[in-house]
Amino acid sequence: MSHVPELAELDAFYEAELRPWLMEFEKKRRLYLAIAAGGILLAALPIAGLIWLGWQEYVLFVSFVTFVAAIAPLVFLGKKIEKELLARICGKLDFALDPKAGAMSIQPFSSLSLVPSYDTCSLDNAIRGKIDEVPFELCESHLQERRRNSKGRTYYVTVFQGLVGSAQFPKRFHGTTIVRRDGGFLASLFSSGKGERVKLEDPDFEKRFDVFSDDQVEARYLLTPGFMERVKRLDDLSDGAARLAFEGGRLLFAIGGGDRFTVSLFKNMGEIAHFRRMMADFALIFGIVRELNLAAKTRL
Amino acid sequence: MSEMGILLLVLLAGAGLAYLWYTKIIARRNTALEALSSIDVQLRKRHDLIPNLVAMAKRFMTHERELLDRLTEQRAKAAEPYSRNDPRAIERHLADEQALQSSLVRVLAVAENYPDLKSDRTVMEVQAGLEEVEGHIAAARRFYNAAVTDLNNSVQIFPGNIIAGWAKVEPMPYFELEETAMRAPVDVGALMDKP
């Protein structure tokens, strides 16, 4: 995390406070992992009986209950560690954490087509704070779409999982400008009712993104050649998962890439990998503000 | 199908294509004119800020009266009305704006030598306004030049050149910055803050 000094400074905090605290969970983790492994084996028995010994189908229910009971302690432990680790790191960075993300809404991101259409939405771990005096807020989001298989059964598919949020933008603007992933020729013809396509001069940027705006001049005022370079750097940092929009004086962003702020219970709690993984997610938050130079004072 | 029928079909197809090309040329000319209006809106904002700057500068920059008078003259010249349907008039108008911007840069550069002027509250407000306007002018110029490229391509490439000649649509001039030092937008803040 050398490119984010604030996070590099947390290494000492990890060694002094986080590692000893994480190690307190190691015994419990091993025990729950053994219970889960044993439970999964037990859950497999009724299935084997069903296949080879002709047991009745209701044993599948027994198998299911056994499986859930076996892995539940491990899952709950994992959630507890994630929540507390995140709270401790946020506290150290002076960020406010709301695990339930009560004040956040997916609606602005959805209406700007920064996230795909969905049927169910869950938001959690809202983080608010300031980086280089730039106020920001973001949260984790998990969007699913309802589908039906050939037998008419309903199932859900994840259509987006990642961070959604907004940050104050240094320039004044009044319209709406959206920077979406390039969706090919057909997608570029449709703007989801948010203005006209904006053709920009940077061929690499044009290859990666489609830009739509209700004000052609304002879109270019926001997306200067320098800012386009920064958006590409952020895109690289987020492994090509970044989408942006400018609305209401703020920069809105949606960055996919899966579940964030997670802890794997298949590794020893003393390993620094748990901390490193969470730091990588925080580095992305700093990256949004710093790569996009949101603290700049210029209005050029 | 008879030879006459085939000929008629070919002529119809040709007329259809010519009409499509014609509509494309007219649409692109309208976009270029819309972009020119966007530039004028921003340039007018710049014109509105200059009198305040000149009035304040005259109080402090007593030895630079000639420079300030030239800026005022060039502002008046750039603000003169012009025919938006005449590419040569547009070119002259844009050249006047370039000259005005050169003078503005010069005045701001000289203003570095007057600390009292730099720290004046009104000048600081004008400076902030100019900075924002310069950002919008740069954006409007990019929009205009992109629209002009599209228009010029469609009126200079065959058969567009024939259709454009018939429709009396001419290529439009680019809004370019001639001086190398002026290729970047005027960073008024940086100029005024130089030690």
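What does chain B average in pLDDT, and how many of the residues, as a percentage, score at least 70? I looked this up first: chain B averages a pLDDT of 86, and 91% of the residues score at least 70. I note that pLDDT is the predictor's confidence in each residue, from 0 to 100.

**Basis.** I am working with a predicted model, in which local features need pLDDT of at least 70, side-chain atom pairs count only at pLDDT 80 or more, and totals for chains, interfaces and linings use all residues. Residues are numbered from 1 along each chain as its sequence is written, while chains are lettered from A and ligands numbered from 1 in the order in which they are written.

**Confidence.** For the complex I recorded an ipTM of 0.76 and a pTM of 0.80 from the predictor. Within chain B, the lowest confidence falls in helix H7 (residues 188-193), with a mean of 56, and the highest in helix H1 (residues 3-60), at 91. Helices (H or I, at least four residues) and strands (E, at least two) are DSSP runs, numbered from the N terminus.

Residues 31-52 of chain A are 100% helix and 0% strand, with end C-alpha atoms 32 Å apart. Residues 58-78 of chain A are 95% helix and 0% strand, and there the end C-alpha atoms lie 31 Å apart.

**Ala70(A).** I located Ala70(A) in helix H4 (residues 59-92) of chain A. Ala70(A) is buried (20 or more other C-beta atoms within 10 Å, C-beta atoms being placed from the backbone; exposed is 12 or fewer, partly exposed in between), because 20 other C-beta atoms lie within 10 Å. Its contacts (C-beta atoms, placed from the backbone, within 7 Å) include Ile35(A), Gly38(A) and Ala43(A), not counting residues up to four places away in sequence.

**Sheet, chain A.** I traced nine strands in an open antiparallel sheet, ordered S1-S2-S3-S4-S9-S8-S5-S7-S6; strands pair if DSSP finds at least two bridges between them. Strands S1 (96-98) and S6 (196-198) of chain A stand at the edges with a single partner strand each, so one side of each lacks a neighbour in the sheet.

Why is strand S5 (residues 177-181) of chain A largely enclosed by the rest of the structure? Four of its five residues are buried. S5(A) pairs in the antiparallel sense with S7 (residues 209-213) over five bridges, and Arg181(A) stands opposite Phe209(A).

Conventions: Contact = placed C-beta atoms within 7 Å.
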